Amino acid sequence: MTALTVVLALLAALSNASASVFQRRAAAEEPPHGEGAAGALRVFGRLLRRPYWLAGALLLLASTVLQAAALAGGSLSLVQPLLTAELLFTLAVGSVVFGHRPDRRTWLAFTALAAGLALFLGTAAPSGARTTASPGRWLLAGAVALGVVAVVVLVARTVVGAPRAALLGLASAVSFACTAALLKEVMGRLGEGVGAVLAQWPPYATAAAGLAAFVLLQGALRAGTLAASQPALTLGDALTSVALGWALFQEQILLGVRVLPELIGVTLIGLGSVGLARAPSVSGAWDAPPARDEEAETG
(Lines give C-alpha, C1' and ligand atoms only; values in the text may rest on other atoms or scores of the structure.)
Protein backbone atom coordinates (compact mmCIF):
# COMPACT_ATOMS: atom_id res chain seq x y z
CA MET A 1 0.00 0.00 0.00
CA THR A 2 1.41 3.36 -0.96
CA ALA A 3 1.82 6.26 1.42
CA LEU A 4 -0.80 8.21 -0.52
CA THR A 5 -3.37 5.44 0.02
CA VAL A 6 -2.66 5.47 3.76
CA VAL A 7 -3.03 9.25 3.93
CA LEU A 8 -6.30 9.18 1.96
CA ALA A 9 -7.73 6.45 4.21
CA LEU A 10 -6.79 8.32 7.38
CA LEU A 11 -8.29 11.55 6.04
CA ALA A 12 -11.46 9.60 5.26
CA ALA A 13 -11.47 8.32 8.86
CA LEU A 14 -11.06 11.85 10.24
CA SER A 15 -13.82 13.18 8.00
CA ASN A 16 -16.19 10.34 8.93
CA ALA A 17 -15.50 10.73 12.66
CA SER A 18 -16.14 14.47 12.47
CA ALA A 19 -19.40 13.78 10.61
CA SER A 20 -20.56 11.39 13.34
CA VAL A 21 -19.73 13.89 16.09
CA PHE A 22 -21.44 16.81 14.36
CA GLN A 23 -24.57 14.86 13.53
CA ARG A 24 -24.71 13.33 17.01
CA ARG A 25 -24.51 16.90 18.38
CA ALA A 26 -27.49 17.94 16.24
CA ALA A 27 -29.44 14.76 17.07
CA ALA A 28 -28.81 15.10 20.82
CA GLU A 29 -30.25 18.64 20.78
CA GLU A 30 -33.38 17.57 18.90
CA PRO A 31 -36.46 16.98 21.09
CA PRO A 32 -38.55 13.83 20.41
CA HIS A 33 -41.32 14.16 17.81
CA GLY A 34 -43.04 10.81 18.24
CA GLU A 35 -42.54 7.46 16.58
CA GLY A 36 -43.27 6.34 13.05
CA ALA A 37 -42.61 7.80 9.63
CA ALA A 38 -44.32 11.13 10.39
CA GLY A 39 -42.18 11.69 13.48
CA ALA A 40 -39.01 10.75 11.60
CA LEU A 41 -39.85 13.20 8.81
CA ARG A 42 -40.43 16.01 11.32
CA VAL A 43 -37.08 15.29 12.96
CA PHE A 44 -35.32 15.19 9.59
CA GLY A 45 -36.89 18.49 8.58
CA ARG A 46 -35.59 20.17 11.74
CA LEU A 47 -32.13 18.61 11.37
CA LEU A 48 -31.82 20.07 7.87
CA ARG A 49 -31.87 23.51 9.49
CA ARG A 50 -29.11 22.73 11.99
CA PRO A 51 -25.58 23.84 10.97
CA TYR A 52 -23.95 20.95 12.81
CA TRP A 53 -26.04 18.39 10.93
CA LEU A 54 -25.40 20.02 7.55
CA ALA A 55 -21.66 20.15 8.27
CA GLY A 56 -21.77 16.46 9.14
CA ALA A 57 -23.53 15.65 5.86
CA LEU A 58 -20.84 17.49 3.88
CA LEU A 59 -18.12 15.65 5.80
CA LEU A 60 -19.77 12.31 5.02
CA LEU A 61 -19.65 13.22 1.34
CA ALA A 62 -15.98 14.19 1.63
CA SER A 63 -15.26 10.91 3.43
CA THR A 64 -16.86 8.96 0.59
CA VAL A 65 -14.70 10.72 -2.00
CA LEU A 66 -11.53 10.14 0.01
CA GLN A 67 -12.46 6.51 0.62
CA ALA A 68 -13.07 5.92 -3.09
CA ALA A 69 -9.67 7.39 -3.92
CA ALA A 70 -8.01 5.14 -1.33
CA LEU A 71 -9.83 2.04 -2.60
CA ALA A 72 -8.65 2.80 -6.11
CA GLY A 73 -5.08 2.22 -4.94
CA GLY A 74 -5.53 -0.39 -2.18
CA SER A 75 -7.49 -3.53 -1.37
CA LEU A 76 -10.78 -3.43 0.54
CA SER A 77 -9.37 -5.46 3.44
CA LEU A 78 -6.48 -3.07 3.93
CA VAL A 79 -8.10 0.32 3.36
CA GLN A 80 -11.10 -0.31 5.60
CA PRO A 81 -9.08 -1.33 8.70
CA LEU A 82 -7.22 1.96 8.46
CA LEU A 83 -10.57 3.61 9.06
CA THR A 84 -10.50 2.24 12.63
CA ALA A 85 -8.56 5.40 13.39
CA GLU A 86 -12.05 6.92 13.30
CA LEU A 87 -12.51 5.73 16.91
CA LEU A 88 -9.69 7.93 18.16
CA PHE A 89 -10.65 10.84 15.89
CA THR A 90 -14.19 10.62 17.31
CA LEU A 91 -12.91 11.20 20.83
CA ALA A 92 -10.57 14.00 19.78
CA VAL A 93 -13.17 15.90 17.74
CA GLY A 94 -15.95 15.13 20.21
CA SER A 95 -13.95 16.55 23.10
CA VAL A 96 -13.90 19.91 21.30
CA VAL A 97 -17.47 19.89 19.98
CA PHE A 98 -19.17 18.74 23.19
CA GLY A 99 -16.82 20.53 25.55
CA HIS A 100 -16.46 17.38 27.71
CA ARG A 101 -13.24 15.46 28.13
CA PRO A 102 -13.69 11.65 28.05
CA ASP A 103 -12.42 9.88 31.14
CA ARG A 104 -9.10 8.04 31.03
CA ARG A 105 -10.77 4.62 30.92
CA THR A 106 -12.66 5.57 27.76
CA TRP A 107 -9.49 6.79 26.06
CA LEU A 108 -7.71 3.54 26.92
CA ALA A 109 -10.63 1.43 25.74
CA PHE A 110 -10.94 3.20 22.41
CA THR A 111 -7.18 3.07 21.93
CA ALA A 112 -7.12 -0.67 22.61
CA LEU A 113 -9.98 -1.25 20.17
CA ALA A 114 -8.36 0.75 17.39
CA ALA A 115 -4.85 -0.59 17.96
CA GLY A 116 -6.03 -4.18 18.29
CA LEU A 117 -8.10 -4.18 15.13
CA ALA A 118 -5.42 -2.33 13.16
CA LEU A 119 -2.77 -4.81 14.37
CA PHE A 120 -4.88 -7.85 13.58
CA LEU A 121 -6.05 -6.78 10.14
CA GLY A 122 -2.80 -5.08 9.20
CA THR A 123 -0.74 -8.15 10.11
CA ALA A 124 -3.13 -10.44 8.23
CA ALA A 125 -2.51 -8.35 5.08
CA PRO A 126 -4.61 -9.90 2.30
CA SER A 127 -3.12 -10.81 -1.08
CA GLY A 128 -4.30 -11.91 -4.50
CA ALA A 129 -6.99 -9.26 -4.70
CA ARG A 130 -9.07 -8.70 -7.85
CA THR A 131 -10.31 -5.26 -8.87
CA THR A 132 -13.81 -6.50 -9.79
CA ALA A 133 -16.06 -9.40 -8.83
CA SER A 134 -18.33 -11.69 -10.85
CA PRO A 135 -22.12 -11.10 -10.86
CA GLY A 136 -22.66 -14.44 -9.11
CA ARG A 137 -20.42 -13.45 -6.20
CA TRP A 138 -22.19 -10.10 -5.92
CA LEU A 139 -25.62 -11.74 -5.88
CA LEU A 140 -24.68 -14.11 -3.05
CA ALA A 141 -22.80 -11.51 -0.97
CA GLY A 142 -25.57 -8.96 -1.45
CA ALA A 143 -28.27 -11.38 -0.35
CA VAL A 144 -26.33 -12.32 2.80
CA ALA A 145 -25.58 -8.70 3.69
CA LEU A 146 -29.20 -7.65 3.14
CA GLY A 147 -30.38 -10.50 5.35
CA VAL A 148 -27.98 -9.55 8.15
CA VAL A 149 -29.05 -5.90 8.06
CA ALA A 150 -32.74 -6.82 8.09
CA VAL A 151 -32.36 -9.14 11.10
CA VAL A 152 -30.27 -6.63 13.07
CA VAL A 153 -32.75 -3.82 12.41
CA LEU A 154 -35.67 -6.01 13.51
CA VAL A 155 -33.87 -6.89 16.74
CA ALA A 156 -33.00 -3.22 17.32
CA ARG A 157 -36.70 -2.34 17.28
CA THR A 158 -37.20 -4.49 20.39
CA VAL A 159 -34.70 -2.61 22.58
CA VAL A 160 -33.94 1.01 23.52
CA GLY A 161 -30.97 3.14 24.55
CA ALA A 162 -27.39 1.89 24.17
CA PRO A 163 -28.31 -1.60 22.87
CA ARG A 164 -30.43 -0.08 20.12
CA ALA A 165 -27.68 2.39 19.20
CA ALA A 166 -25.15 -0.44 19.02
CA LEU A 167 -27.40 -2.64 16.87
CA LEU A 168 -28.27 0.18 14.47
CA GLY A 169 -24.58 1.07 14.39
CA LEU A 170 -23.83 -2.52 13.37
CA ALA A 171 -26.50 -2.47 10.65
CA SER A 172 -25.07 0.81 9.41
CA ALA A 173 -21.58 -0.72 9.48
CA VAL A 174 -22.59 -3.63 7.24
CA SER A 175 -24.23 -1.16 4.86
CA PHE A 176 -21.15 1.08 4.81
CA ALA A 177 -18.93 -1.96 4.16
CA CYS A 178 -21.14 -2.93 1.22
CA THR A 179 -20.92 0.65 -0.02
CA ALA A 180 -17.13 0.48 0.15
CA ALA A 181 -17.09 -2.83 -1.73
CA LEU A 182 -19.36 -1.39 -4.40
CA LEU A 183 -17.13 1.70 -4.61
CA LYS A 184 -14.16 -0.58 -5.24
CA GLU A 185 -16.14 -2.33 -7.98
CA VAL A 186 -16.90 1.03 -9.58
CA MET A 187 -13.28 2.15 -9.38
CA GLY A 188 -12.17 -1.18 -10.86
CA ARG A 189 -14.42 -0.63 -13.88
CA LEU A 190 -13.33 2.94 -14.60
CA GLY A 191 -10.88 1.63 -17.19
CA GLU A 192 -13.90 0.92 -19.41
CA GLY A 193 -14.74 4.62 -19.45
CA VAL A 194 -17.08 6.75 -17.36
CA GLY A 195 -19.96 6.39 -19.83
CA ALA A 196 -19.70 2.62 -19.83
CA VAL A 197 -19.60 2.48 -16.02
CA LEU A 198 -22.68 4.71 -15.71
CA ALA A 199 -24.55 2.32 -18.00
CA GLN A 200 -23.94 -0.56 -15.56
CA TRP A 201 -25.50 -1.39 -12.17
CA PRO A 202 -22.64 -0.78 -9.65
CA PRO A 203 -22.89 3.05 -9.39
CA TYR A 204 -26.60 2.87 -8.60
CA ALA A 205 -26.21 0.00 -6.17
CA THR A 206 -23.48 2.06 -4.46
CA ALA A 207 -25.84 5.01 -4.10
CA ALA A 208 -28.61 2.79 -2.71
CA ALA A 209 -26.31 1.10 -0.19
CA GLY A 210 -24.86 4.46 0.84
CA LEU A 211 -28.33 5.92 1.38
CA ALA A 212 -29.36 2.93 3.50
CA ALA A 213 -26.18 3.26 5.57
CA PHE A 214 -26.82 6.98 6.05
CA VAL A 215 -30.41 6.44 7.24
CA LEU A 216 -29.35 3.70 9.65
CA LEU A 217 -26.56 5.92 10.98
CA GLN A 218 -29.06 8.68 11.78
CA GLY A 219 -31.13 6.16 13.74
CA ALA A 220 -28.06 5.01 15.67
CA LEU A 221 -27.08 8.59 16.53
CA ARG A 222 -30.53 9.37 17.87
CA ALA A 223 -30.88 6.08 19.76
CA GLY A 224 -27.87 6.48 22.08
CA THR A 225 -24.42 7.83 22.72
CA LEU A 226 -21.41 7.72 20.41
CA ALA A 227 -19.73 5.42 22.94
CA ALA A 228 -22.50 2.90 22.28
CA SER A 229 -22.80 3.20 18.49
CA GLN A 230 -19.31 4.09 17.28
CA PRO A 231 -17.45 0.88 18.23
CA ALA A 232 -20.10 -1.28 16.55
CA LEU A 233 -20.04 1.02 13.54
CA THR A 234 -16.27 1.11 13.11
CA LEU A 235 -15.44 -2.47 14.07
CA GLY A 236 -18.38 -3.89 12.14
CA ASP A 237 -17.38 -1.95 9.03
CA ALA A 238 -13.79 -3.23 9.12
CA LEU A 239 -14.66 -6.87 9.85
CA THR A 240 -17.44 -6.96 7.26
CA SER A 241 -15.05 -5.44 4.73
CA VAL A 242 -12.56 -8.26 5.33
CA ALA A 243 -15.32 -10.81 4.72
CA LEU A 244 -16.46 -9.03 1.57
CA GLY A 245 -12.88 -8.71 0.35
CA TRP A 246 -12.51 -12.48 0.65
CA ALA A 247 -15.92 -13.33 -0.82
CA LEU A 248 -15.91 -10.84 -3.69
CA PHE A 249 -12.34 -9.98 -4.61
CA GLN A 250 -10.58 -13.20 -3.49
CA GLU A 251 -8.44 -11.40 -0.91
CA GLN A 252 -6.66 -13.96 1.27
CA ILE A 253 -5.69 -13.58 4.94
CA LEU A 254 -2.08 -14.47 5.76
CA LEU A 255 -1.30 -16.74 8.72
CA GLY A 256 1.95 -18.55 9.58
CA VAL A 257 4.35 -16.37 11.58
CA ARG A 258 1.71 -13.64 11.62
CA VAL A 259 -0.57 -15.62 13.95
CA LEU A 260 1.04 -14.26 17.15
CA PRO A 261 0.52 -10.54 16.40
CA GLU A 262 -2.95 -11.38 15.10
CA LEU A 263 -3.78 -13.02 18.45
CA ILE A 264 -2.40 -9.99 20.28
CA GLY A 265 -4.69 -7.82 18.16
CA VAL A 266 -7.71 -9.97 19.03
CA THR A 267 -6.80 -9.76 22.74
CA LEU A 268 -6.62 -5.97 22.55
CA ILE A 269 -10.01 -5.89 20.86
CA GLY A 270 -11.49 -7.95 23.69
CA LEU A 271 -9.91 -5.84 26.41
CA GLY A 272 -11.02 -2.64 24.71
CA SER A 273 -14.58 -3.90 24.36
CA VAL A 274 -14.79 -4.82 28.06
CA GLY A 275 -13.22 -1.53 29.11
CA LEU A 276 -15.60 0.47 26.95
CA ALA A 277 -18.63 -1.38 28.28
CA ARG A 278 -17.63 -0.35 31.82
CA ALA A 279 -16.56 3.20 30.99
CA PRO A 280 -18.54 6.09 32.54
CA SER A 281 -18.83 7.70 29.10
CA VAL A 282 -21.34 5.04 28.06
CA SER A 283 -23.84 6.68 30.42
CA GLY A 284 -24.18 9.54 27.95
CA ALA A 285 -22.61 12.43 29.87
CA TRP A 286 -19.71 12.82 27.45
CA ASP A 287 -21.60 13.57 24.24
CA ALA A 288 -24.49 15.54 25.74
CA PRO A 289 -24.83 19.09 24.37
CA PRO A 290 -23.16 21.82 26.45
CA ALA A 291 -25.58 23.37 28.95
CA ARG A 292 -25.46 26.81 27.32
CA ASP A 293 -26.70 25.35 24.02
CA GLU A 294 -29.57 23.54 25.71
CA GLU A 295 -30.61 26.79 27.38
CA ALA A 296 -30.45 28.61 24.04
CA GLU A 297 -32.74 25.98 22.51
CA THR A 298 -35.38 26.42 25.22
CA GLY A 299 -34.96 30.17 25.61
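## An all-helical chain: helices, a pocket and a salt bridge

The chain contains 13 helices and zero strands. The model described here is predicted. Read from the N terminus, the elements run α-α-α-α-α-α-α-α-α-α-α-α-α. Of the 299 residues in the chain, 47% are buried.

**Helix 10**

Helix 10 covers residues 202–223.

Two or more lining residues come from each of helix 1 (3–29), helix 3 (51–73), helix 8 (162–189), helix 10 and helix 11 (226–249). Helix 3 provides the largest share of the lining, with six residues.

How many salt bridges does a search of the whole structure find? The search finds one. It joins R189 to E185, and the closest N and O atoms are 2.8 Å apart. Why are the two residues separated by about one helical turn? R189 and E185 are four residues apart in helix 8, and therefore about one turn separates them. As a general rule, an α-helix has 3.6 residues a turn, so residues three or four places apart point the same way.

Are R189 and E185 buried or exposed? Buried means under 20% relative accessible area. R189 has a relative accessible area of 12%, so R189 is buried. E185 has 0% relative accessibility and therefore also counts as buried.

**A nonpolar surface patch**

On the surface, L190, V194, L198 and Y204 form a nonpolar patch. Together these residues have about 400 Å² of accessible area. V194, one of the residues of the patch, belongs to helix 9 (residues 194–198). Exposed means over 50% relative accessible area, and V194 counts as exposed because its relative accessibility is 57%.

| Residue | Relative accessibility | Class |
|---|---|---|
| E185 | 0% | buried |
| R189 | 12% | buried |
| V194 | 57% | exposed |

Methods:
Residues numbered from 1 in each chain as written. Predicted model: local features only at pLDDT ≥ 70, side-chain atom pairs only at ≥ 80, totals over all residues. Heavy atoms only, no water. Patch = residues over 30% accessible without salt bridge, like charges linked within 9 Å, V, L, I, M, F, W, Y side chains within 5 Å. Areas by Shrake-Rupley, 256 points an atom, 1.4 Å probe, with all protein chains shown as cover. Salt bridge = Lys/Arg side-chain N within 4 Å of Asp/Glu carboxyl O. Buried < 20%, exposed > 50% of the residue type's maximum accessible area, 1.4 Å probe, protein only. Expected span 1.5 Å × (residues − 1).
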